[in-house]
Structure formats: C-alpha cells, structure tokens
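The entries follow in the order I made them.

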Amino acid sequence: MSVAAWASHLPEVHPFLLDTARLIDRTVARFELRIGALRAELAQGPAACAARRGLSEATAESLKRTAYQEAIADYQAMVSECRRNFEAYVARRWSAAEIAQAKSRVGAVANRLESAA
C-alpha cells in the first residue's frame with residue numbers, strides 16, 4: 001500500500017508530510033524494482049548452473065545465488081524499515097485509530113477500483 005495514499009487521508013495533514021510520504025513511495029518502488037531484478041536473475045540461475053560443468057563455476061554460481069538472496073532480504077528489510085519509521089513518526093501526531101481509518105479508506109478505494117475493472 002502506498003504510504004502517500006493513506007497519509008493523504010489523515011486529518012489536517014501538512015503538505016511536507018505528504019512530500020515525505022511520496023519520497024518514501026519512490027524509494028520503496030526502486031527497492032522493489034531491484035528485488036524483482038534479483039529474483040529474475042535467481043530464476044535463471046539453475047538453468048545456467050546446470051549448463052556449466054566445472055566445480056569452480058558451480059561454486060561461484062552458488063556464492064552468487066547466496067549473495068542475491070541476501071541482497072533481496074536486505075532490500076525487503078529496508079522497505080519494511082522505511083514504512084515502519086514513517087508510521088512511527090506519524091503515530092506521534094495521530095492516533096492508531098486515525099491511522100487505521102486512513103489505511104481503511106485507501107483499501108476501500110482500491111476495492112472499488114478492482115470491482116469496477
């Protein structure tokens with residue numbers, strides 16, 4: 001869910017906070033693109049590994065796969081941390097109920113759009 005989408009439904013939200021939320025959304029989108037690229041590389045890995053015959057090449061491929069899996073986990077952790085930190089900041093000003101209501105509004109809009117399509 002877009003951080004900016006639910007933040008825009010908070011009562012009396014300041015434009016600076018919305019700019020920050022949009023920045024977080026753009027950052028998360030870049031992380032998610034990188035995660036997708038790494039997953040695509042991992043999906044191609046087994047076929048490429050089977051085509052190779054040397055032990056050193058197989059070891060290098062295994063190390064590469066491990067590095068990609070670690071990178072994916074790191075990117076996913078950064079995405080979670082970005083969202084969690086923003087929500088913690090917002091929680092200083094708005095109640096948990098107001099935040100939940102803002103998220104609910106975005107979910108309701110998304111559901112309406114899906115059913116219309």
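Entry 1. I looked up what Asp25 touches in this predicted model. Leaving out residues up to four places away in sequence, I found Ser2, Val3, Ala4 and Ala5. Asp25 itself lies in helix α2, which covers residues 15-51.

Entry 2. I then asked which side chain of opposite charge is nearest to Asp25. It is Arg83, at 5.7 Å. A salt bridge needs the nitrogen and the carboxyl oxygen within 4 Å, so Asp25 has none, although Asp25 is buried.

Entry 3. I searched the whole structure for aromatic pairs and got two. Trp6 and Phe86 make an edge-to-face pair, with 5.7 Å from centre to centre and 70° between the planes. Trp6 is in helix α1 (residues 3-7) and Phe86 in helix α3 (residues 55-91), so this pair ties together parts 80 residues apart in sequence. I noted Trp6 as buried, at 3% relative accessible area, and Phe86 as buried too, at 4%.

Entry 4. The rings of Phe31 and Tyr75 have centres 5.5 Å apart and planes at 40°, so I wrote this pair down as tilted. Phe31 belongs to helix α2 and Tyr75 to helix α3, and the two are 44 residues apart. Phe31 is buried at 17% relative accessible area, whereas Tyr75, at 22%, counts as partly exposed.

Entry 5. Last, I checked for charges over rings. Lys103 lies over the face of Trp6, at 5.1 Å from the ring centre. The charged end of Arg93 sits over the ring of Trp94, 4.8 Å from the centre of that ring.

Terms used
Residues numbered from 1 in each chain as written. Heavy atoms only, no water. Helix = DSSP H or I, 4+ residues; strand = E, 2+ residues; numbered from the N terminus. Buried < 20%, exposed > 50% of the residue type's maximum accessible area, 1.4 Å probe, protein only. Lys, Arg positive; Asp, Glu negative; His and termini not counted. Contact = heavy atoms within 4.5 Å. Phe/Tyr/Trp six-rings, centres within 6.5 Å; stacked < 30°, edge-to-face > 60°. Lys NZ or Arg CZ within 6 Å of the ring centre and 35° of its normal.
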